[in-house]
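This briefing covers one chain and the partner it touches. Please keep the sequence and the 3D view open while reading.

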Amino acid sequence: MGIADGLGEGFSVALDPTNILYVFIGVLIGTVIGVLPGLGPTATIALLLPLTYELEPVTSVILLAGIYYGSMYGGTITSVLLQLPGEAASVVTTFDGYQMAKQGRAGPALGIAAVGSFIGGTLAVVGLILLAPPLADLAVEFGAQEYVALTAFGILLVTYLGTKHPVKALCMAALGLLLATIGQDLTTGTGRFTFDQVELFDGLDFVAVAMGLFGVGEILYNLEKTEKAEQIKSRIKNIWPSRKDFKDSSGAIARGSVLGFFLGVLPGGGGVISSLASYGMEKRRAKDPSRFGKGAIEGVAGPETANNASSTSAFVPLLTLGIPPNVVLALIYGALLINGVQVGPQLIDTNPEIFWGVIASMFIGNLMLLALNIPLVGIFVQLLRVRGGILAAFALLITMAGVFSVNNDIFDMWVVLAFGVIGWLMKKTGFEPGPLVLAFVLGAILETNFRRAMITSDGQFDTFVTRPLSGTIFALMALVIVYSTVMGIRRQRRGRPPALYSDQLDAAAPHETAPGSEAEGTAGVGATGDRADGGGSPGATGGSTRAEP
Amino acid sequence: MSKHLYRLAPLVLLLFGIAAMLQARDLSLGEFSSPGPGLWPFLCAALLSLTAAVLLIVDDPADYEPWTRGTAGIALGLLSLGIFILLFQEIGFIIPAVLMLLIWLRLFAREPWRWAVPLAVIGAVVFHLVFVEALGVPFPDDIVLGG
């Protein structure tokens, strides 16, 4: 199917009244949760997963994708007005956006962010259209070895990029892989780690695990933080940026689109890293870098464009290879799996309506966001009056009722509660749930293909490196490990944390910030994180997977 | 002693990993050329144990947040969720939902009674309508609605 035919089919799907409604609901929810600190896109998508059972597969992806890129818009609003990032990818926007607001230029800051996001998102959709089909054609040639290489690469990159402690992230990834083996072995039918509990024969439910770790865990964690209702002081006027504003930021928007697109495709990339990278790039290119941090409009336009572009291009590896590059996409991948859709290179051929429908919906969604954001910013700001405690109470009730509705099974509610506790303890002890969930989702693919490769190669491990494609990927993996280890040691010598991008953060931040460095933002209120030394650690992080019934 | 308390997390993970390795071995590992059901879990558990062992030595104590008074509140919140699940199983959705919302709105959101009570009742009824009437989810029999 050519691009024109595909887009034709896509728009016929996306313009279906039901789907238009769900695009709208998606981007609206996305903007709202982007505004509300404490409930990020990951938590929201996790909480809404049960709903996708009721929807057609394409509709559910349209909805969830809308929430994802919608939240990128919404997070900007609080960053600019309150220096309070609604989700992690917007942390960078606080640097110059808040300064602009203090100078009475909140309107143009929000306006240029909305326009930049629209352009970045739209260009990334075009890139997705051009890049995805040839990549999928290539992927059809993949054998078991290539899948092992790709999934392992994905997990590795998520643990190395965008996390503060690669070893801790790797530890969580291993735990995720292990948890994925609970239940019947697909090949032999042997029950594994089931402890003779009937409920565990089918394994842990992905929805329950994700809702527990991200939804309940996040809510519990935020409960401990003291919070107060925020007051908006600056009035917003002249939201449409001036001609000079456009001229100043056009370069930043163009570069942000390209940068965001490519960083989004990369496993482990996503919003946080692309907005940081764009900020760093604009600051380096500027004639007068000292303007940055004091209200430079490029410092808002570039990162906002980049994080939106990346949230769109992140769909490339998912829709062509069946590999989710970050945690949010892992949740969307899970939503497709529970709807019985086989995600992989064959998706474009077997389910063209999903591929093209989602793409077309992104055009529409970005347009809606532009229309929603420019005139309605004032209304969204009012949402900040809703207190976190009320939100938490209702979100928990939705979680409990929602997870029950998936299998009509009380056991899943206990799983959510258990993983909620684990997720909360993980946050308290600096372990990140992202790599765990990603590995949990990819675990079955990785195991099946690993065993297949082992059987066909008669147990020879060199099968992974002698095939050109998988060999290349493993070589890349080795490169990433060597590079990050060397850089980590270097940084440690200079007394800096051993994580990628932490130096960019230090360079970019005019004040002490420690953005929530998850693979993809969950809470995103990391900028206010106050981590004290010492203190006890809980420690039931690993815990049993068994919830006592 | 309390200086090393933060090492508890990697220690628990390490013990968990070793226990899983032993379990996996009992499932039969097979050969690499014909993997048994235990081989893959064994490899994952080995990676878990290895990384946990590394963390036991190198982990940064600054990464761990101290317990606060809020922690006790969280335990209470968890207890309320557990009770919610038990009651939900026995007497249906509405009463447990109202109770849970009340507890959370009063304790954690610190809403005054005149807001907490109507919010809790309306919230529970709306969720009941959405899940049971609109989405057709078969909640356990409800004593309020006479099941």
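For "transmembrane region", the UniProt record (an unreviewed entry) lists four spans of chain B: residues 40-58, 70-87, 93-109 and 116-137. The model is predicted. Chain B holds 5 helices and 0 strands. Its contact with chain A brings together 63 residues of chain B and 58 residues of chain A.

**Annotated spans**

- Residues 40-58 of chain B are 100% helix and 0% strand. The end C-alpha atoms of this span lie 27 Å apart.
- Residues 116-137 of chain B are 86% helix and 0% strand. Here the end C-alpha atoms are 27 Å apart.
- The UniProt record also carries the annotation "domain: DUF1468", again from an unreviewed entry, over residues 8-140 of chain B.
- Across residues 8-140, chain B is 74% helix and 0% strand. The end C-alpha atoms of that stretch are 40 Å apart.

**Fold and overall shape of chain B**

- Read from the N terminus, the elements of chain B run α-α-α-α-α.
- Chain B is split into domain 1 (2-63) and domain 2 (69-134).
- The C-alpha centres of domain 1 and domain 2 of chain B are 38 Å apart.
- The radius of gyration of chain B is 24 Å, whereas a compact globule of 147 residues would have one near 15 Å.
- The C-alpha trace of chain B spans about 60 × 45 × 20 Å along its principal axes.

**The side of chain B that touches chain A**

- In total, 63 residues of chain B are in contact with 58 residues of chain A.
- The elements giving two or more residues to this side of chain B are α1 (8-26), α2 (39-58), α3 (69-91), α4 (94-107) and α5 (113-134).
- The largest share comes from α3(B), with 11 residues.
- By class, the residues on this side of chain B are 44 nonpolar, 13 polar and 6 charged.

**Helix packing between the chains: α9(A) and α3(B)**

- Helix α9 of chain A covers residues 206-224. It packs against α3(B) at an angle of about 145°.
- The axes of α9(A) and α3(B) are 8 Å apart.
- The crossing of α9(A) and α3(B) is right-handed.
- Which residues meet where α9(A) contacts α3(B)? From α9(A) come A:Leu220, A:Leu223 and A:Glu224. From α3(B) come B:Gly70, B:Thr71, B:Gly73, B:Ile74 and B:Gly77.
- The contact of α9(A) with α3(B) has 3 nonpolar, 4 polar and 1 charged residues.

Methods. Residues are numbered from 1 along each chain as its sequence is written. Chains are lettered from A and ligands numbered from 1 in the order in which they are written. This is a predicted model: local features need pLDDT of at least 70, side-chain atom pairs count only at pLDDT 80 or more; totals for chains, interfaces and linings use all residues. Domain bounds come from an automatic or database domain assignment. UniProt positions are given in the numbering used here, feature names are shortened, and annotations may be inferred rather than shown by experiment. Helices (H or I, at least four residues) and strands (E, at least two) are DSSP runs, numbered from the N terminus. Two residues are in contact if their C-beta atoms, placed from the backbone, lie within 7 Å. Ala, Val, Leu, Ile, Met, Phe, Trp, Tyr, Cys and Pro count as nonpolar, Asp, Glu, Lys and Arg as charged, and the others, Gly among them, as polar. Axes are lines fitted to C-alpha atoms, for helices over the stretch in contact, and angles run from 0 to 180 degrees between N-to-C directions. A crossing is left-handed if the near helix is turned anticlockwise from the far one by less than a right angle, and right-handed if clockwise. The radius of gyration is taken over C-alpha atoms; the globule rule is 2.2 Å times the number of residues to the power 0.38.
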